[in-house]
Amino acid sequence: MSNELLGKVALVTGASRGLGEGAARALATGGASVMLVARDGKLAADVAGSIAKGNGRAESCACDVSDFGAVQQVVAQTEANLGAIDILVNNAGVIEPIAELATSDPKVWADNISINLTGAYYVLRAVLPGMLARGGGTIVNISSGAAYRPLEGWSAYCSGKAGLAMLTRAVALETGGKGVRIFGFSPGTIDTDMQVKIRASGMNTISRIPRQDLSPVEHAVRGLIYLCTTDAEDLLGQDASMRDDAFRKRIGLA
Ligand code: NAP
């Protein structure tokens, strides 16, 4: 692992399980101090505690990214306790509602956008001014193949992730040349709780992928950590994808 993470401060949203947990653990292993955020503060605290037991530096906070006030508080807490934020992994996300639009629950549909798109914006909005003032920082927005490929039953998820992919590109224009590096990252179809919900739904082809054919979280974590290093400079402003053979080769996966 690159020593570029040593002494850095990272904020990881959706860090209580799945990709966010893997990212938080890897960042801490690389020497970063990590703030783990999820709505379920107990689960996030358990992961932070396990990182600390392994001699990593980690804290946690219960926070719903769709609440801007709560996001501002967690950013202030991170800066007070761990230091200025160098790395943001904007990972919190939900798949629900899994339903065709005509029968979807309007509140659950709107909540998806509030978390996956507006929530990601809220975290950027709270973190970016500090990064710009300091002239440095790395942001990874977690994207998805669904940002580019429509899937039946996932109209909210596809729309939110497509919006986030555009947000990455728009913010890259605003931060270019100011020391702040922003990437999107599409982790592939990975073996997490989100895929358990997808399989249970029986909706669209993704739900029919057998669990054994899903990629391990560790592979995606490797790609995500790569983006936090200077090796990834040429990918700025883009969605790097674990489905891209050239990217997999760069991170040492066949
Ligand atoms: P997961 O296992 O369901 O984990 C999601 C994480 O996000 C949990 O820690 C969850 O904790 C947190 N979260 C959800 N809503 C939140 C909110 N409002 N505020 C704060 N935290 C929140 O999902 P995953 O598969 O690891 O997904 C992580 C990211 O990768 C997501 O953005 C997802 O869209 C993306 N992705 C996943 C796949 C895949 O195949 N799994 C593929 C492409 C992209 P709480 O519920 O306690 O809040």
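This is a predicted model: local features need pLDDT of at least 70, side-chain atom pairs count only at pLDDT 80 or more; totals for chains, interfaces and linings use all residues.
Figure 1. The ligand sits in the largest pocket.

Figure 2. A polar side-chain atom of Ser-16 is 2.6 Å from a ligand oxygen. At Asn-91, a polar backbone atom is placed 2.8 Å from an oxygen atom of the ligand. Gln-195 uses its side chain: a polar atom there lies 2.8 Å from a ligand oxygen. On its own, the ligand has 880 Å² of accessible area, and the protein covers 96% of that area.

Figure 3. Most peptide bonds are trans. The bond from Glu-96 to Pro-97 is cis. Its omega is near 5°. Pro-97 belongs to the loop between β4 (87–90) and α4 (106–134).

**Figure 4. Positive phi at Asn-55 and Asn-204.** Most residues other than glycine have a negative phi. Asn-55 has a positive phi, near 75°. For Asn-204, phi is also positive, near 60°. Both residues lie in loops. Asn-55 is in the loop between α2 (41–53) and β3 (57–62). Asn-204 is in the loop between α6 and α7 (217–227). Which of the two is buried, and which is exposed? Asn-55 has a relative accessible area of 72%, over the 50% cut-off, so Asn-55 is exposed. Asn-204 has a relative accessible area of 3%, under the 20% cut-off, so Asn-204 is buried.

**Figure 5. Asn-90 and its side-chain partner.** Asn-90 is part of strand β4. Its relative accessibility is 5%, so Asn-90 counts as buried. Which residue does the side chain of Asn-90 contact? The partner is Asn-141. A polar contact of 3.0 Å joins the two side chains.

Figure 6. Cys-61 is in strand β3. With a relative accessibility of 16%, Cys-61 counts as buried. The value falls under the 20% cut-off. Along the chain, Cys-61 and Val-37 are 24 residues apart. Their C-alpha atoms are separated by 5.2 Å.

Figure 7. Ala-146 is placed in the loop between β5 (137–142) and α5. The relative accessible area of Ala-146 is 5%, so this residue is buried. How far apart are the C-alpha atoms of Ala-146 and Lys-161? The separation is 6.6 Å. Along the chain, the two residues are 15 positions apart.

**Figure 8. Two residues of helix α4, Ala-133 and Asn-112.** Ala-133 is found in helix α4. Asn-112 lies in helix α4 too. Are these residues buried or exposed? Ala-133 has 70% relative accessibility and so counts as exposed. Asn-112 has a relative accessible area of 0% and is therefore buried. Each residue is shown with a partner from elsewhere in the chain. The C-alpha atoms of Ala-133 and Gly-179 are separated by 9.8 Å. Those residues are 46 apart along the chain. For Asn-112 and Gly-22, the C-alpha separation is 23 Å. Asn-112 and Gly-22 are 90 residues apart along the chain.

Methods
Residues are numbered from 1 along each chain as its sequence is written. Side-chain values use heavy atoms; hydrogens and water are left out. A polar contact is a pair of N or O atoms within 3.5 Å; within protein, one must be able to donate a hydrogen and the other to accept it, and residues adjacent in sequence count only if both atoms are side-chain atoms. Accessible areas come from the Shrake-Rupley method with a 1.4 Å probe; for residues, only the protein chains shown count as cover. On a 1 Å grid over the protein atoms alone, a cavity is a set of points where a 1.4 Å probe fits but cannot get out, and a pocket is an open set with protein on both sides within 12 Å along at least five of seven lines; lining residues have an atom within 4 Å of a point. A molecule sits in a cavity or pocket if more than half of its atoms lie within 2 Å of its grid points. Helices (H or I, at least four residues) and strands (E, at least two) are DSSP runs, numbered from the N terminus. Buried means under 20% relative accessible area, exposed over 50%, partly exposed in between (1.4 Å probe, protein chains only).
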